[in-house]
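Work through the exercises below with the model open. Each task is followed by its solution.

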Amino acid sequence: MSNVTELPVKPRSVLSDPNATLELVQSYKCQHGNYQVDEKAAEVTCGRCKEKLNPIWVLMQIATDDRVLRDRWSSMRAEIELMKPRTQTKCKHCQKLTPVPTNVKSWDIQQRAAEIRRRTADGAKP
């Protein structure tokens with residue numbers, strides 16, 4: 001015997017009205033960019049739609065874009081560093097240099113990219 005008592009559960013439909021539809025409402029008019037900054041008034045305006053924007057939101061957008069670019073850059077540098085010694089080899093038959101497929105794992109690239117980000121944050125040369 002079990003100490004568990006099943007409770008009666010009445011199934012319900014996802015929507016109470018079977019004819020109801022879900023509609024996606026876009027809360028933005030523009031993909032804001034080309035920011036125009038008025039330093040004296042401490043205001044930021046979208047260069048596309050001319051809407052006044054929250055300066056903190058604009059700073060967050062710029063910081064996010066910067067972080068994404070920095071991460072991509074460090075990943076590419078890491079990939080180059082890891083693949084540099086394995087890009088070409090001399091063919092045993094014809095003695096010409098031939099490209100070699102590498103087996104660098106994405107984990108290795110991520111680790112090296114993190115090292116590169118730390119070095120550049122410390123002011124060292126990448």
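Predicted model: local features only at pLDDT ≥ 70, side-chain atom pairs only at ≥ 80, totals over all residues.

Residues are numbered from 1 along each chain as its sequence is written, and side-chain values use heavy atoms, with hydrogens and water left out.

**Exercise 1.** Count the salt bridges, then examine Glu43 and Lys52.

Solution. 
- Apply the criterion: a side-chain nitrogen of Lys or Arg within 4 Å of a carboxyl oxygen of Asp or Glu.
- The count is seven salt bridges.
- Glu43 and Lys52 form one, at 3.1 Å from N to O.
- Classify exposure by relative accessible area: buried is under 20%, exposed over 50%, partly exposed in between (1.4 Å probe, protein chains only).
- Glu43, at 31%, is partly exposed.
- Lys52, at 54%, is exposed.

**Exercise 2.** Locate the Arg67 and Asp71 pair in its helix.

Solution. 
- Helices are DSSP runs (H or I, at least four residues), numbered from the N terminus.
- Both residues lie in helix H1 (residues 55-83), four residues apart, so about one helical turn separates them.
- Arg67 is partly exposed at 41%; Asp71 is partly exposed at 24%.

**Exercise 3.** Which parts does the Glu81 and Arg112 pair tie together?

Solution. 
- The closest N and O atoms of this salt bridge are 3.0 Å apart.
- Glu81 sits in helix H1 and Arg112 in helix H2 (residues 106-121), so the pair ties together parts 31 residues apart in sequence.
- Glu81 is partly exposed at 23%, and Arg112 is partly exposed at 24%.
- Salt bridges link Glu81, Arg112, Glu115 and Arg119 in a network.

Note on methods
Helix = DSSP H or I, 4+ residues; strand = E, 2+ residues; numbered from the N terminus.
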